[in-house]
Amino acid sequence: SAASTSGRSPTVVWRMLPPPLPTTLDASIAAGLVKQHGRLQPLDERQAVLCDASIERVQPSWRPALDAALAEWLALPKEVTGLSLIAVYARGSIVRGLALEGISDVDTLGFATVSHSDADSELKAWQSRGSERARRMRSAYPFCSGLEMRLVCVPERSSLGGWLRGDAAAPASLADTQLRALDAFRLASQAVCLHGSDLVPRLPPPVPRPRLVLEQSADLARAWRAVAALAVQGSSDKALAVARWAAKRALRAGMELAAADYGAFSRDLLPCHRAISAVLGQPAGSRSLLVLQLACMPEEEVARHGGGEAVAARLIHAAGRLAQACDTYHLARHFSQPLLAFEQLPETPPLSPALLSAAASFAVAPAATSSATAPSGFESVQAALSEERGRWARRAVVARARAAASSPRYSLRRLRRREAEAGRE
């Protein structure tokens, strides 16, 4: 409250606090904040995710929407000169039999090669009509939240283009950047080929490894900027959609870290939280529960908690705290070993010819290799060898330390700040 100097009665300003959220998962499910939804995918003997997607799992009401999406893809070669459609995939909840009306969208991925050098403008025009295609999908199938058509289009004569076509001269394996461009992990673990040649048998097994956790800082920073800009524009629904995107990535990043010890993988949010709680422990478990509650909150609960803008801001903050817990676990799990260990060092470099010849001139029988019987120059050569080995080891340690310190994620200052935060908690 504040009273003016003119003697008028003080003005009291009340700030309504949001209702408290349940502190356990069971209570959150009972309150309707979280749906009992999702399924784990087991890992095989290679620690690879077993794909559980198939056309047979698609719910009957969603088949027409999937066919409509495929029809949009089959029309693409007519719109872009010189484009050859190699394959079309459906991925995600629909082909896993987990689609939810009003929430799930038709998520598809297409691969194509292009031979015409002037096809860029036509491709951009096709991509610009994506919102129009999504509107048609929602109009024809109101239970569907939208249509995603991601296109991976590469030049016909490129190495990746040759791999997509299955050319004999194309490389048998792909680089990491090419696998990321193809979204190979999701393709092999959660997708079904709807048209063309199936690329999955030629992809590496989908083994979960830390990928999203390495991108979380950039993702959260981008989400913060987008939410702030949308809040200024008054687009609270869009701001909440961006925050939910960041929250999903935070939960899935934790699942990637937990999958090997948990023995299963999932991109569904509820299984992600359960895996984080079981493997990463606290405080990651309680932080992931808050992210799960805010990300899955029904519309009426969003209104009770201050509206889309307030929930979006709270959700981004909660996702950032979960990302910190995931980072701490990742560092402790993969970067806590001493840098100087023989299995971590590269192969010993060759010694200089002069040093080798000097060592050969002082070579003696094993029985005579003692301080009493060694030749007069033996100790000096031994010292030179030890110094050379030490220089090599120091170079290897410095190289690894510089590589680790080159990213702000692993900086000493950030580690100390996190230790201080953990101590306060």
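Buried means under 20% relative accessible area. The model is a predicted one.

**Exercise 1.** Describe how helix H11 (residues 269-279) and helix H12 (residues 284-295) pack.

*Solution.* 
- Step 1: The angle is about 165°, and the axes are 8 Å apart.
- Step 2: Angles over 145 degrees count as roughly antiparallel, so H11 is roughly antiparallel to H12.
- Step 3: The H11–H12 crossing is left-handed.
- Step 4: H11 contributes Leu269, Leu270, His273, Ile276 and Ser277 to the contact; H12 contributes Ala284, Gly285, Ser288, Leu289 and Leu292.
- Step 5: Sorted by class, this contact of H11 with H12 has six nonpolar, four polar and no charged residues.

**Exercise 2.** Which residues touch the most other members of the largest nonpolar core, and which elements give two or more residues to this core?

*Solution.* 
- Step 1: The core has 52 residues, and Leu251 and Leu280 touch the most other members.
- Step 2: Helix H9 (216-233), helix H10 (236-262), H11, H12 and helix H14 (308-334) each give two or more residues.
- Step 3: H10 gives the most, with twelve residues.
- Step 4: Neighbours within four places in sequence aside, Leu280 contacts Gly254, Leu257, Ala258, Ala275, Cys326 and Tyr329.
- Step 5: A second, separate core has 30 residues, including Leu76, Val80, Ala90 and Val95.

Key:
Residues are numbered from 1 along each chain as its sequence is written. This is a predicted model: local features need pLDDT of at least 70, side-chain atom pairs count only at pLDDT 80 or more; totals for chains, interfaces and linings use all residues. Side-chain values use heavy atoms; hydrogens and water are left out. Axes are lines fitted to C-alpha atoms, for helices over the stretch in contact, and angles run from 0 to 180 degrees between N-to-C directions. Helices (H or I, at least four residues) and strands (E, at least two) are DSSP runs, numbered from the N terminus. Angles under 35 degrees count as roughly parallel, over 145 as roughly antiparallel, 65 to 115 as roughly perpendicular and the rest as oblique. A crossing is left-handed if the near helix is turned anticlockwise from the far one by less than a right angle, and right-handed if clockwise. Contact means heavy atoms within 4.5 Å. Ala, Val, Leu, Ile, Met, Phe, Trp, Tyr, Cys and Pro count as nonpolar, Asp, Glu, Lys and Arg as charged, and the others, Gly among them, as polar. A nonpolar core is a set of buried Ala, Val, Leu, Ile, Met, Phe, Trp, Tyr and Cys residues joined through side-chain atoms within 4.5 Å. Buried means under 20% relative accessible area, exposed over 50%, partly exposed in between (1.4 Å probe, protein chains only).
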